[in-house]
Amino acid sequence: MDGYFEELPAVSKPGAMRSREWMHRVISLLETAVAQIRGEVHGAQSSLLEATSMLRQQFDPPPAAELPDAGGRLLAWQARKIHDYIDSHITGPLLVADLCALIQRSEAHFSRSFKRTFGESPHSFIVRRRVELAAQYMLTTNAALSDIALRCGFADQAHLCKQFRQAAGETPAAWRRAHRSLHDENGTPVVDRFATAL
C-alpha cells in the first residue's frame, strides 16, 4: 500500500483538475480499493462501497425518468423538502425554478409531479398557503390588512383581498370580523377549518 501512494499523480488537489474529473478519479480509486481488499476486511469494503455510492449519487444522479416516483408523484422526502422550503420562504418571491433546483428536476416534470402530489399547481399551492397564513394573522393579531399582506408575501392589500375573496368567498375584513369572535369565544382554531375550505 505504501508503494501505491508513490504512484499517485503529482496533481492530486481538486483545484488542480476540474472538480468533476477529480470526483470521478476518487470514485475510480475507491472502486479499485474495494477490488483489492475483497475477502480481506469486510468492514472496510462496505464503508468503501458506501462512500463510492454516495459520491456517484452526488455527481451522477440518475435521470429523472429513472427515479422511482409512484405514478409521477414526488417522493416523500421531495414533497417534505418542497413544502418546508415554501413555508420558510413564504414572505418572499417563490419561483418554480428555485423549487425545481431543490430536487433537480426540470420545470415541466416538476410541475406535473407537484400537481399529482399536492393536487394543485405550485402557484395555487403557494397562494393557498399565503392565504392561510394571512387568515392566521387576522385572527391572532390586530395588524392592518396592508401589513398582513406584506408579511404573507402578497404584493399589497389589494392582491391579498383578491386572492382571499377567491379562496374564502368574502373579503378579508368581513371574514376577520365574522371569525375573530368565534376564535375568541371558544379558542377553536378557525384557520384549520378555513384551510380545508380552500
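Gly-153 touches Ile-90, Thr-91 and Arg-130 in this predicted model, leaving out residues up to four places away in sequence. Contact here means heavy atoms within 4.5 Å. Gly-153 sits in the loop between helix H8 (145–151) and helix H9 (157–168). Helices (H or I, at least four residues) and strands (E, at least two) are DSSP runs, numbered from the N terminus. The relative accessible area of Gly-153 is 18%, so the residue is buried. Buried means under 20% relative accessible area, exposed means over 50%, and partly exposed lies in between (1.4 Å probe, protein chains only). Pro-93 is 60 residues from Gly-153 along the chain, yet their C-alpha atoms are separated by 7.1 Å.

Residues are numbered from 1 along each chain as its sequence is written. Because the model is predicted, local features need pLDDT of at least 70 and side-chain atom pairs count only at pLDDT 80 or more, whereas totals for chains, interfaces and linings use all residues; side-chain values use heavy atoms, with hydrogens and water left out.

The pLDDT is the predictor's confidence in each residue, from 0 to 100. Its mean over the protein is 76, and 59% of the residues reach 70 or more. Two stretches may be named here. Over residues 1–17, pLDDT stays under 50, and the model has 8 contacts for them beyond four places in sequence. Residues 62–69 also stay under 50, with 7 contacts beyond four places in sequence. Where pLDDT is low, the predicted coordinates should not be read in detail.

The protein has 11 helices and 0 strands. From the N terminus on, its elements run α-α-α-α-α-α-α-α-α-α-α. Of its 198 residues, 31% count as buried. Among contacts between residues at least 6 apart in sequence, 55% join residues at least 24 apart.

The nonpolar cores come next. A nonpolar core is a set of buried Ala, Val, Leu, Ile, Met, Phe, Trp, Tyr and Cys residues joined through side-chain atoms within 4.5 Å. The largest core has 15 residues. Met-138, Ile-148, Phe-154, Leu-160, Phe-164 and Trp-175 have the most contacts inside it. Helices H7, H8 and H9 are the elements that give two or more residues to this core. H7 provides the largest share, 6 residues. Beyond its neighbours within four places in sequence, Ile-148 is in contact with Ala-134, Tyr-137, Met-138, Thr-141, Ala-143, Leu-160 and Arg-176. Another core, of 13 residues, lies apart from the largest one. Its members include Ile-82, Ile-86, Ile-90 and Ile-126.

Helix H5 (residues 96–103) has Leu-99, Cys-100 and Ile-103 as its buried residues. They cover an arc of only 100° around the axis, so they lie on the same side of H5. The arc is that of the directions from the helix axis to the C-beta atoms. H4, H6 and H7 are among the elements that cover the buried residues of H5. Gln-104 follows H5 and has a positive phi, near 55°.

Thr-117 belongs to helix H6 (residues 107–118). With a relative accessible area of 17%, Thr-117 is buried. Its side chain reaches the backbone nitrogen of Leu-74 at 2.7 Å. Neighbours within four places aside, Thr-117 is in contact with Arg-73, Leu-74 and Ala-79.

Charged pairs complete the picture. The whole structure holds 4 salt bridges. A salt bridge is a side-chain nitrogen of Lys or Arg within 4 Å of a carboxyl oxygen of Asp or Glu. One of them joins the side chains of Asp-87 and Arg-129 (3.0 Å, N to O). This pair links distant parts of the chain, with Asp-87 in helix H4 (residues 76–88) and Arg-129 in helix H7 (residues 122–140), 42 residues apart. Asp-87 counts as partly exposed at 31% relative accessibility, and Arg-129 does so at 23%. Glu-120 and Arg-128 also meet in a salt bridge (2.8 Å, N to O). Glu-120 is buried, at a relative accessible area of 18%. A further salt bridge joins the side chains of Arg-128 and Glu-132 (2.6 Å, N to O). Both residues lie in helix H7, 4 residues apart, about one turn of the helix. Glu-132 counts as buried, at 6% relative accessibility. Through shared partners, salt bridges join Asp-87, Glu-120, Arg-128, Arg-129 and Glu-132 into one network.

Note on methods:
A polar contact is a pair of N or O atoms within 3.5 Å; within protein, one must be able to donate a hydrogen and the other to accept it, and residues adjacent in sequence count only if both atoms are side-chain atoms.
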